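Dear colleague,

I am passing a structure on to you with this message.

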Amino acid sequence: MAVEARTITQRNFGKTMRLFAPLYVSNECINNCSYCGFSRDNPILRTTLTIDQVVTEARHLHALGFRNILLVAGEHPKFVSDGYLQDCIDAIKSFIPTIAIEVGPMEDHQYAEIVDHGGEGLIVYQETYVREVYSKLHTAGPKKNFDWRLECPERAYAGGFRRIGIGALFGLAPWRQEALALAAHLEYLYKHCWKASFSVAFPRMRPYAGNYQYSPDPELFLDDRSFVQLTTAFRICFPHVNIVLSTREPAPLRDAMIPLGVTHMSAGSQTEPGGYTGAGHDDLHLTVKGRRVEIEERKPCQKATEQFTIDDKRSASQIAALLDSKGYEAVWKDWDEAILNP
C-alpha cells in the first residue's frame, strides 16, 4: 500500500509539499466540547486579535516564507462578529495570496461574502461522524447540531469556495467507523461539489487545556501503524485528494510519511491567538457566561491559552530543509489572484 500510495502521489502531485501555517485570531467560543481547549466552560486565558494584530502575525509568517495561511477562531458571534473575518482577509490579502478559514459554520450568503473578500478555502472537521458520540461530546452551543455541521462543506461550495477540507478527530469514536464515514462523505462531496478541490486530514487527539495529561482510550486510539495505513488507503481510493499532515504528529512520523500520500504540511505552528509575535497578550481575560471578566492578577509572560499542544516544534525553515534533503520541493505559494484576471 505504501509503494502504491507513493507512486500515485508522485504521478498526480510530483515531489512537492505545500506548506501552510494556522493563524489563530480568537480563542473565544460559545460551544461546550469536552475534547477542546477552547470549550466555553474552560477557565482559560482568552483574547481576540485586533485587525492590526492579525496583520502583525501575518507579516511575521510572511517573513518566514508562508503565502498560505489558515485563519482559525472559536465560534463566538460576540467576539468574532459579523464582518470581522472579512476585515482580517482584506487586511492581509495584498501579501498573503492563499487564505482559508476554520471557524464556526455559516450560512450560504456569509460564505459568499468571505469569498468576495478574497477567502478561497474552508476547513471544517465533523469531529466525529458517530451521532450518539457527537451528541454526548457537544453539550452546549450551536455546534450541538450534527446535521448543520455536516452540511457545512456544501454551503461553502454554494458560496463559491474553491478549496474545501474535511476530516474527523480520531480518538473520539472507533477509528475504523470514523474512517469509513469520512470516506463516504468525501465521495459524496466529489459527486455533488465537483468543481472544488478537496483535502482530507486525520488529526489525532492531543493534550489540551484542562487535560494536559491526556491519555488516549486504547479502544479508540489510532496507532501509528494504522495511521499510516489509513493515509495510504485514502491516497489509493482518492488519487487526487490533498492529504494534510499537521504538527500534532511527532517529527519522526511526519518525516517518514512525506512520500506516503501527504501533499500539505503545517510547520512551526502555534495554536493560540498571538502565538507567533505575542500580539494580543496585553488584553488577556476570562469569559464567564459570555461576559468578559478581567484577570485579578497578571503574571509575567502570560499568553492566551492554546487549543491543543503540538508535537513537531521544528521551524518552517527546518521543514523546508528536510524536504529538500529528501528531494522534495517545498511549495510556499501555488495561487495568485492574477490568474483570474483577464
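Predicted model: local features only at pLDDT ≥ 70, side-chain atom pairs only at ≥ 80, totals over all residues.

Residues are numbered from 1 along each chain as its sequence is written, and side-chain values use heavy atoms, with hydrogens and water left out.

Empty space

Rolling a probe the size of a water molecule over the atoms shows where empty space is left. The search uses a 1 Å grid over the protein atoms alone: a cavity is a set of points where a 1.4 Å probe fits but cannot get out, and a pocket is an open set with protein on both sides within 12 Å along at least five of seven lines. Lining residues have an atom within 4 Å of a point. Points are joined across faces, edges and corners, and a volume is the space filled by probe spheres set on them.

The largest pocket holds about 360 Å³ of space. Its lining comprises 21 residues, and Val 80, Gly 104, Pro 105, Met 106 and Gln 110 lie nearest its centre. The elements that give two or more residues to this lining are α3 (84-92) and α4 (108-117), and α3 gives the most, with three residues. Helices (H or I, at least four residues) and strands (E, at least two) are DSSP runs, numbered from the N terminus. By class, the lining of the largest pocket has eleven nonpolar, seven polar and three charged residues. Here Ala, Val, Leu, Ile, Met, Phe, Trp, Tyr, Cys and Pro count as nonpolar, Asp, Glu, Lys and Arg as charged, and the others, Gly among them, as polar.

The second largest pocket has a volume of about 300 Å³. Of the 15 residues that line it, Pro 97, Gly 118, Arg 162, Trp 335 and Glu 337 are the closest to its centre. Helix α4 gives the most to this lining, with three residues.

There are three cavities of 30 Å³ or more. The second largest cavity has a volume of about 40 Å³, and its lining has three nonpolar, three polar and four charged residues. Among the residues that line this cavity are Arg 18, Asn 68, His 264 and Trp 332.

Helix α9 (residues 224-237) has 14 residues and reaches 20 Å from its first C-alpha to its last.

Leu 186 lies in helix α8 (residues 175-192). Leu 186 counts as buried because its relative accessibility is 0%. Beyond its neighbours within four places in sequence, Leu 186 is in contact (heavy atoms within 4.5 Å) with residues including Phe 234.

Thr 48

Thr 48 is in the loop between β2 (32-33) and α2 (51-64). With 16% relative accessibility, Thr 48 counts as buried. Its side chain makes a polar contact with the side chain of Ser 26 (2.8 Å). A polar contact is a pair of N or O atoms within 3.5 Å; within protein, one must be able to donate a hydrogen and the other to accept it, and residues adjacent in sequence count only if both atoms are side-chain atoms.

Yours sincerely

Terms used:
Buried < 20%, exposed > 50% of the residue type's maximum accessible area, 1.4 Å probe, protein only. Expected span 1.5 Å × (residues − 1).
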